[in-house]
Amino acid sequence: MTLQASPGRRAEAQVKLGVLGFTRTAVNFAGGVAGRVLSWASFSAVSRSGKPVDLNSGNSSIEDEDTDGSDENESIFENFEMLGTAASTTSPGSRAGASVLGYSGYDGLMESEVWSESEPASRPSGADALAFAEAGGAPANANWQDGSFATPRHALSSSVSSHDTGSSRSDPVRIVIVGGGFAGIRAKLCLDRARLENCVVTLIDKKQFFEYTPGILGALTRGGWESLTRSYPRRGFVQGLVKRVDLDSVTVEAGGEFRVPFDYLIYAAGGAYGMQHSDPSGVIKPRNTRARHAQNPVQTVERWNDVVGTENEIADAEHIVIIGAGYVGVEWAAEIAEVYAGTEKCITLIDRNNEVCHSLPAAARQHIQSWLESRGVDLLLGARVLNLNKSDQTVALQVGDESRPRTLRFDLCLECKGLRPNTDALRPVFASALSGDGRICVNDELNVMSSDGVLKAHNIFAVGDVVAHKASARWRGMALYAELQADIACANIVASLQDKPARVFPSDVTHVDAAAGIPVAQVVSLGRLDASLRLEDFVVNGFAAAWLKVVMEETKLLEAAGNPAGHYFWQISERALMLVWRKFLVKSETKQSPKQASSSSTLMPFNS
Ligand SMILES: Cc1cc2nc3c(=O)[nH]c(=O)nc-3n(C[C@H](O)[C@H](O)[C@H](O)COP(=O)(O)OP(=O)(O)OC[C@H]3O[C@@H](n4cnc5c(N)ncnc54)[C@H](O)[C@@H]3O)c2cc1C
């Protein structure tokens, strides 16, 4: 079937594109101005109060102010301990690449000659993970399996520093965040804004930038990937692949293996896409590169190559089969249908359910289905994949109760069947905390716990897509909830430092009984000019939803870049969402009493 152009008029599409373009420019301009004003205001207020400056307020001129004369990067690298032996010759390529990108955060590493084509460093033994607990006075046999855990170092000391106590201690509290996706970057910015004294917050990610995943399918089809990325904060960021998590440290591959000790860990490594590493759909999330390429300039180029390579594969393929008509499969089919409208390209979207996006309300499903059909996308619903032969490029299907299976030929097969959680690094020590689908189990305080609920790691939190939380099945895989979990984990680290009660997820976010869950809010894009937005059972279809998605994208990118305007925009939006949910959508028996609600936290309990 030939792909059809939009049934609407060309002029109408041009006007809509103009509105979206103007919206992007306006949001960025307004966000830039407001961000500078807010940064200046907070800088002045902090200077007057004599409290430490918010180093990641989003205003580079303020960021660059070194208020106490110390170099935060240095303190991060002081925490590194090299494992095994690495050759001492620094790779000239990596030096050159780093300087081309002008990224100063690596100076410490480069000076310590770790940028080298090293021998594979030896892994720390299991005993390494326990050494800290033993040294800290915990029982000698303390480990994950027997229920005795490493006590955070600050808790072993009588002189914990905090704003509340005003006491001082010499060793900083080390907070490490693994993964700089929606959850990880939120946690990093949140803890930086909290201005905790005597704390070193380190974000570790295998790539050098935040990438806005909800826009990636458009970028993979029509280009523009660069506009979806934002550099991580320069202070307190380390690029490297986390290979192993122990009770008190993580092992990082960054041109050699390093052990990074922590007092608190937030594990936010998200998930990988595609069933296998080499699957074309694996490109949706940045893929792990080979160890010797885990250096910043190389990986950025590799990611770019991966994205452009997929764009070319899509352009070259005549028949594209997409397996899975959830929101990822649907959005990708819609992007291809829009970009290649009027061509001979053929798209077949396959799902075993009888409807696309079967978890969405009927009004959204119907809109999506008729949009796809009107553009010439071939829908094969109620179809079970019997055999996918990648070398022959065929897929055998049982469609409904047809007597004989069908076989389809394809040039490109995109499997959109969900995420594989990135929990390999946890497996050696936390195997008993992994759920059947490989996610990491957490309790309501978001501490990692064993799947039977008996064991709990007090100083290790997990948040976002990587998590199996008992109430999460309905809204798992959404950026907003990854971020709200990050807020709770940060609040609980601060609560632990200040000896205050912990917050629980989700009721300290929603202020309703946990049984009510959390509001489900989603936008499914249909190309650039159409979308379907749902908040629980309310649905908005059409251009208004697409426009809202653009506003969300631009403001999210502002927030990820540390712009305070983006931060406050989302703080207000999240509060508004929860208010609407509480007032209009939750049944009265699951609402908390005003007394309960006032004793609960706000969304950002220490950061408003
Ligand atoms: C195509 C698509 C569209 C989507 N659209 C929407 C949408 O419209 N709205 C919505 O709410 N949600 C959407 N989602 C879901 C949303 O993107 C996820 O819920 C969100 O990204 C989860 O955030 P996270 O921080 O848990 O994980 P991620 O965003 O996956 O971040 C994980 C981070 O960890 C890093 N990492 C992983 N392993 C390691 C390691 N070993 N060492 C170092 N770093 C590591 C990764 O580089 C990454 O930066 C979409 C998802 C996809 C795939």
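## Ground rules

Because the model is predicted, local features need pLDDT of at least 70 and side-chain atom pairs count only at pLDDT 80 or more, while totals for chains, interfaces and linings use all residues. Numbering runs from 1 along each chain as its sequence is written, and side-chain values use heavy atoms, with hydrogens and water left out.

## The chain overall

The protein chain comes to 18 helices and 26 strands. These are DSSP runs numbered from the N terminus, with helices being H or I of at least four residues and strands E of at least two. Of the 608 residues in the protein chain, 55% are buried. Here buried means under 20% relative accessible area, exposed means over 50%, and partly exposed is in between (1.4 Å probe, protein chains only).

Contact means heavy atoms within 4.5 Å. Among contacts in the chain with a separation of 6 or more, 69% come from residues 24 or more positions apart.

## Salt bridges

Side chains of opposite charge can pair when their charged atoms come close. The cut-off used here is a side-chain nitrogen of Lys or Arg within 4 Å of a carboxyl oxygen of Asp or Glu. Searching the whole structure on that basis turns up 29 salt bridges. One of them joins glutamate 553 to arginine 24, with the closest N and O atoms 3.2 Å apart. Glutamate 553 sits in helix α16 (residues 543–560) and arginine 24 in helix α1 (residues 10–49), so this pair ties together parts that are 529 residues apart in sequence. The glutamate 553 end is buried at 12% relative accessible area, whereas arginine 24 is partly exposed at 30%.

Another salt bridge, also listed at 3.2 Å from N to O, brings together glutamate 355 and arginine 365. Glutamate 355 is in the loop between β13 (346–351) and α12 (362–374), and arginine 365 is in helix α12, 10 residues apart. Glutamate 355 is partly exposed at 33% relative accessibility, and arginine 365 is buried at 17%. Then there's lysine 390 with glutamate 415, where the closest N and O atoms are 3.2 Å apart. Lysine 390 comes from the loop between β15 (383–389) and β16 (394–399) and glutamate 415 from strand β18 (residues 412–415), so the pair ties together parts 25 residues apart in sequence. Lysine 390 is partly exposed at 38%, but glutamate 415 is buried at 5%. Some salt bridges share partners, joining Arg186, Glu483, Asp487, Lys556, Glu559 and Glu574 into one network.

## Helix α12

Helix α12 passes a quick geometry check: at 1.5 Å a residue, its 13 residues should span 18 Å, and its end C-alpha atoms are 18 Å apart, which agrees. The expected span is 1.5 Å times one less than the number of residues. Its buried residues are Ala364, Arg365, His367, Ile368, Trp371 and Leu372. Seen down the axis of α12, they fall within an arc of 165 degrees, so they line one face of the helix. That arc is taken over the directions from the helix axis to the C-beta atoms.

The cover over these buried residues includes α11 (327–339), β13, β14 (378–381), β24 (521–526), β25 (530–535) and β26 (538–541). Just after α12, glycine 376 has a positive phi of about 90 degrees.

## Rings and charges

The whole structure holds five aromatic pairs. For tyrosine 232 and phenylalanine 237, the ring centres are 4.7 Å apart and the planes at 40 degrees, so the pair is tilted. The rule takes rings of Phe, Tyr and Trp (its six-membered ring) with centres within 6.5 Å, calling planes under 30 degrees apart stacked, over 60 edge-to-face and the rest tilted. Tyrosine 232 is buried at 3% relative accessibility, and phenylalanine 237 is buried at 1%. Phe182, Phe210 and Tyr212 form one aromatic cluster.

Lysines also turn up over rings: lysine 345 lies over the face of tyrosine 340, 4.4 Å from the ring centre, and lysine 556 over that of tryptophan 570, at 4.0 Å. The test is NZ of Lys or CZ of Arg within 6 Å of the ring centre and within 35 degrees of the ring normal.

## Alanine 383

Alanine 383 belongs to strand β15 and is buried at 3% relative accessibility. Leaving aside neighbours within four places in sequence, alanine 383 is in contact with Ile350, Asp351, Arg352, Gln398 and Val399. Its C-alpha atom is separated by 5.5 Å from that of glutamine 398, 15 residues apart along the chain.
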